[in-house]
Amino acid sequence: MPKTQTIIAVDPDDLAFRAAELFKTAARANVDQRGRFVVALSGGSTPRGMHRLLASPPALTDVPWEHTHLFWVDERCVPASDPESNLGTAWRDLLRYLSLPPENIHFVRGDFPPEEAAEEYQTELSRFFQLGEGEFPIFDLIFLGLGKDGHTASLFPGLSALHEESRLVVALKGGIPNVGRTTMTYPVLNRARRIVFLVAGKEKAETVKALLESDRPELPAAKIKPLQGDVIWLLDQEAASLLAKV
Ligand code: 6PG
């Protein structure tokens, strides 16, 4: 079983601060150890506070951005100018403020049809990580969100993507907004050195309790079990409000 840690932040601002600290610490440690830091970001609203803090001093200079590579766990297949685009939102909150070499921003082609976008991103992952046949990428850090229905990334309940064992990225349709999407698969997510779930709000409290205090394999986030890595559940007090043990 992966080492799992639960950290409870006072509120969404404190959650964003602690998430940014985890990002910074991991960036420096991985660049020291491996010469680079490879991280995958999530979409949705919860990570935006962290992204904005990373785009501001002191993170702007504290993070070794020139050695940092950004990927996305999932993307909605809409143009980057669309408010629902994970890339577009990250551009507005974070990327446009960074002195990050453009080649370090490994975004999903959300302007492509989902199948093509997934194929293209799979090729990009294989190229960047120099993967051989049957090999999987190892991310230093992956940020994940959580939906009320227990979804994470764009792995929604009942989808065939939940059973994918060989492809790195698959296409699907679903979620809110209900559009074509790409998502990284469990074989990729579960090889990360560290997974950080960022979860805020009382509407997520029941799902958090189900995942942390009971065995609910039907909830997609329950299958996030890194083979070698660890998991941090970074929750705000509202999301943690139903947990027995805090
Ligand atoms: C996406 C996300 C998705 C998100 C959750 C939580 O692109 O839709 O990656 O998995 O993390 O839906 O979203 P909120 O943070 O907005 O609650």
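What is the volume of the largest pocket? In this predicted model, local features require pLDDT of at least 70 and side-chain atom pairs pLDDT 80 or more, whereas totals for chains, interfaces and linings use all residues. Residues are numbered from 1 along each chain as its sequence is written, and side-chain values use heavy atoms, with hydrogens and water left out.

The largest pocket has a volume of about 490 Å³, taken as the space filled by probe spheres set on grid points joined across faces, edges and corners. A pocket here is an open set of points on a 1 Å grid over the protein atoms alone, where a 1.4 Å probe fits, with protein on both sides within 12 Å along at least five of seven lines; lining residues have an atom within 4 Å of a point. Of the 26 lining residues, G43, G44, R76, H151 and I176 are closest to the centre of this pocket. The lining comprises eight nonpolar, 12 polar and six charged residues, with Gly counted as polar.

Around the ligand are 14 residues, of which S45, T46, H151, A153 and K204 come nearest (a heavy atom within 4 Å counts as near). This shell holds two nonpolar, eight polar and four charged residues.

The protein covers 87% of the 420 Å² of accessible area that the ligand has on its own (Shrake-Rupley method, 1.4 Å probe).
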